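Open the model in your viewer and keep the selection panel at hand.

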Amino acid sequence: GYVCHLVADEFFNIDLRKRMVEGMACDGLATEGPELARAILSDMDIVDRQIMANYPFQNDVKALLSEVWDLEVSDMVSADETNRSKQWVIDKLFCKECDDVTPKYYSYSEALSFIEYCADNIIERFSGNTQFAKLF
């Protein structure tokens, strides 16, 4: 999961972040620093909640997350850390109403396309069709 997260972050920085920054620059907003971070995170939070509210998942994601606690990676990540992280995800994505707000620089459809692109690319890299080391 951690490696997949790193790969997705890399794709985000290479593609989506660049497009978001270009849009913000056109609107005269800061393209670096705290103002940029707030704008990106605001749009991503809105879209994340929209996905959790509207995407036709095959399983109940909240139930799956809530079923298992106290996972750890020995000498690396404690059970307390994974529990706090999982609780943060549950609180952030499932316990808030889906805002009736439209993100300005990122959309639901872009998020779905990004997720599909990342998933396909990660599957290809892990299936042996591509050298995983090329990413780094």
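Predicted model: local features only at pLDDT ≥ 70, side-chain atom pairs only at ≥ 80, totals over all residues.

**Stop 1: helix α2.** Select residues 33–54, which make up α2.

Now colour α2 by accessibility. Which residues of α2 are buried? They are L36, A39, I40, D43, I46, V47, R49, Q50 and I51. An α-helix has 3.6 residues a turn, so residues three or four places apart point the same way. To see what covers the buried residues of α2, display α1 (2–26), α4 and α5, which are included in the cover.

**Stop 2: α2 against α5.** Two packed helices are described by the angle between their axes and the distance between the axes.

Show side chains where the two helices meet: from α2, select V47, Q50, I51 and N54, and from α5, select Y108, A111 and I115. By class, this contact of α2 with α5 has five nonpolar residues, two polar ones and no charged ones. V47, Q50 and I51 also belong to the buried set of α2.

**Stop 3: K92 on α4.** Move to helix α4, residues 79–94, and pick K92. Is K92 buried or exposed? Its relative accessible area is 19%, and buried means under 20%, so K92 counts as buried. Beyond its neighbours within four places in sequence, K92 is in contact with D45 and R49. Draw the distance between the side chains of K92 and D45: a polar contact of 3.1 Å joins them. R49 is itself among the buried residues of α2.

**Stop 4: D27 in a loop.** Finish at D27, in the loop between α1 and α2. D27 has 41% relative accessibility and so counts as partly exposed. Which residues does D27 contact, apart from its neighbours within four places in sequence? Select K104 and Y105. The side chain of D27 makes a polar contact with the side chain of K104 at 3.3 Å, and another with the side chain of Y105 at 2.6 Å.

Terms used. Residues numbered from 1 in each chain as written. Heavy atoms only, no water. Helix = DSSP H or I, 4+ residues; strand = E, 2+ residues; numbered from the N terminus. Buried < 20%, exposed > 50% of the residue type's maximum accessible area, 1.4 Å probe, protein only. Polar contact = N/O pair within 3.5 Å; in protein donor to acceptor, adjacent residues only side chain to side chain. Contact = heavy atoms within 4.5 Å. Axes fitted to C-alpha atoms, helices over the stretch in contact; angles between N-to-C directions. Nonpolar A, V, L, I, M, F, W, Y, C, P; charged D, E, K, R; others polar.
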